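Hello,

Here is the structure I said I would pass on. My notes on it are below; please read them with the model open.

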Amino acid sequence: MSAVAAKPAAGGAMNPTAMGVGIVMLLILLGICWYVAPGLGLMALIGIIIGGVLIGFGTHFVPVGGAPAAMGQAPGIATGVAMLAAGAGLAGLFGGAWAAEQGTVIAVVTGGVGGGLMMAITCMMVNFVYVFGMGIPAASGKVKADPITGDTQAEYKSQGTEGHGLPFVSFVGGVVGGILGGAGGTLIYLMLLDLYKVTLPTMMSATEAQIMPIAVSAAGMFAVGMFLVNAVLTAYNITGTIEGPHDPKFKRWPRSVVASAVASALCGIVAILIVVI
Amino acid sequence: MTVKVEVVEGGVPHTKIMAAGIIVSLVCLYLSYLNTMTGTEMFSFFGGLAVVAALIWGSHTIKVLCSYGIGTGVPSAGMIAFGSGVIAMLLATKFGLAAPIVAFVLAIVVGLILGYLSNEVLNMKIPAMVQSLTELAVVGAFTLMGFAVLISGSFTFTGLTTGSITILGASLPSYQVSFIGGSLIAVAFMLGGIAIQHPFNACLGPGWTQDRMLMLTAECGFLSMIVAAVMSFALITTGSALISLIVAIIGWIYTYKQYFALSKRDAADWLDAKPIPDLEGH
């Protein structure tokens with residue numbers, strides 16, 4: 001079979017059996033956690049799963065253009081899904097980690113603001129480069145009119161391209177995606193940090209102040225690891241480029257939510273086992 | 001896409017590279033246990049050799065996976081390798097002497113489930129997906145464990161979290177001066193992540209040759225090992241760190257020269273251009 005004749009396998013189709021298996025796996029992992037670490041461990045795992053799902057869902061909002069966008073032939077930011085998700089999430093994670101001592105809600109909101117701010121700056125500078133550097137207007141190729149502003153797109157779209165630049169709806173999508181991703185990454189970090197702060201002192205027979213560097217470093221490392229796993233799984237779900245919430249590919253999000261939930265539960269339980277056994 | 005764009009033509013088959021990667025990494029990781037048996041830290045450099053072996057295997061796995069158009073770029077494969085590898089590796093360090101074996105088994109479990117998720121739930125339907133993600137998780141775990149051994153001389157949780165500082169001649173235990181507590185693991189993560197994703201990204205295309213890509217991987221691995229060996233001065237004795245640094249520099253120079261020769265061999269033409277000459281009279 002040649003590359004031309006092949007049809008893309010990762011279409012919008014759902015695989016109900018696999019989704020069912022995924023949900024069963026999620027329940028099994030939750031059950032294992034309830035068995036080995038009820039209470040604090042289970043609460044942490046639920047927080048981690050929510051964080052992972054936020055990352056997986058949020059990434060669908062981000063306008064990803066890939067290599068075609070770098071040549072002005074597709075709308076979006078000119079890099080891959082995994083890189084953008086990691087950038088937004090890690091920016092949020094660093095922002096949220098600063099506020100970790102002020103309580104979960106403030107820290108998660110701070111993380112969301114950090115991620116959203118990073119995406120807002122990225123989207124604005126990308127449009128600056130497109131408009132003033134490459135001399136192309138922003139136009140979507142997937143919809144006739146911008147769903148938010150109502151501006152028509154077809155007049156501005158160059159022939160032979162899928163659109164170019166960042167239309168307003170993609171900009172908003174990018175910021176929303178950054179907020180969700182940053183909040184999710186921070187939530188994972190906070191859940192693990194709270195768990196390690198309580199359990200590590202007894203495990204290593206040291207005071208809380210002494211083990212703080214280890215708790216912060218291990219929680220941060222696990223959060224980065226889970227973030228990258230979730231970001232890459234979402235990238236596999238999107239396969240290539242997406243314009244934002246108005247793109248037809250956005251409808252694939254249920255698959256990603258199931259995959260992110262199972263992956264986060266799996267990684268989360270490993271991270272919890274380190275202080276239990 | 002279900003179409004495989006490139007095929008492995010000639011060269012060493014993938015299963016052979018995989019078997020060699022597993023065996024060499026495991027043997028090197030266990031050789032570093034000589035540290036504990038002899039009471040020195042001289043054998044830490046075996047961790048760096050385990051890193052290079054695992055990276056060579058991993059870059060070939062990335063080649064197998066990314067030959068199918070996965071549409072997300074080659075770096076994403078390196079990122080998921082280390083994302084899942086660091087999780088398996090950190091838990092495995094709790095098992096003392098069995099840590100490398102436990103990391104191997106645990107990474108296989110994590111990789112299998114992630115492979116199932118991407119192939120079935122996310123509907124990727126790529127034949128090599130499950131096996132590749134499993135292999136990549138093991139590669140990530142081995143690479144990080146190798147860096148841990150190289151930098152701190154040990155692969156146990158206690159060894160990675162406890163260091164000592166000397167104040168006025170007295171040695172005090174400190175959790176901050178350690179591989180995990182000092183967040184050296186984050187640097188090791190990115191050093192490995194770049195080294196694993198770069199070779200195929202740099203060598204892909206119609207002119208791809210297996211030996212050139214693998215030589216570039218070894219070169220990237222030794223380059224990362226130089227940086228890690230410099231960091232190891234903070235945690236292990238100066239003499240031991242110096243041994244690691246010398247091994248890394250010798251390995252890097254050799255592989256760099258070899259890679260240069262292979263690039264010349266594969267190039268269409270080679271012009272030994274001189275630098276821009278200084279104009280006379282200035």
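The notes cover conventions and confidence, then each chain, then the contacts between the chains and the core.

This is a predicted model, in which local features need pLDDT of at least 70, side-chain atom pairs count only at pLDDT 80 or more, and totals for chains, interfaces and linings use all residues. Residues are numbered from 1 along each chain as its sequence is written, and chains are lettered from A and ligands numbered from 1 in the order in which they are written.

Confidence. The pLDDT (the predictor's confidence in each residue, from 0 to 100) averages 87 for chain A, with 96% of the residues at 70 or above. A contact means that the C-beta atoms of two residues, placed from the backbone, lie within 7 Å. Where pLDDT is low, the predicted coordinates should not be read in detail.

Chain A. There are 8 helices and 2 strands in chain A; helices (H or I, at least four residues) and strands (E, at least two) are DSSP runs, numbered from the N terminus. Their order from the N terminus is α-α-α-α-α-β-β-α-α-α. Of the 277 residues in chain A, 58% are buried, that is, 20 or more other C-beta atoms (placed from the backbone) lie within 10 Å of the residue's own; 12 or fewer is exposed, and in between is partly exposed.

Chain B. This chain has 10 helices and 2 strands, running α-α-α-α-α-α-α-β-β-α-α-α from the N terminus. Its radius of gyration is 20 Å, close to the 19 Å from the globule rule for 282 residues, so chain B is as compact as a globular protein of that length. Buried residues make up 55% of chain B.

Helix α10 (residues 238-266) of chain B spans 41 Å from first to last C-alpha, close to the expected 42 Å (1.5 Å times one less than its number of residues). Its buried residues include B:Ser240, B:Ser244, B:Gly251 and B:Tyr259. Among the elements covering them are α3 (45-66), α6 (129-152) and α9 (210-232) of chain B.

B:Leu136 sits in helix α6 of chain B and is buried, with 29 other C-beta atoms within 10 Å. Leaving out residues up to four places away in sequence, B:Leu136 touches B:Gly58, B:Thr61, B:Ala77, B:Ile80, B:Ala81 and B:Gly111.

Between the chains. Chain A puts 49 residues in contact with 40 residues of chain B. On the chain A side, α1 (16-36), α4 (81-98), α7 (208-238) and α8 (253-276) each supply at least two residues, and α7(A) gives the largest share, 17 residues.

Core. The largest nonpolar core has 189 residues, and A:Leu192, B:Ala88, B:Ala103 and B:Ala141 have the most contacts inside it. Such a core is a set of buried Ala, Val, Leu, Ile, Met, Phe, Trp, Tyr and Cys residues joined through C-beta atoms within 7 Å. The largest share of this core, 20 residues, comes from α7(A).

Regards

Methods: Rg over C-alpha atoms; globule rule 2.2 N^0.38 Å.
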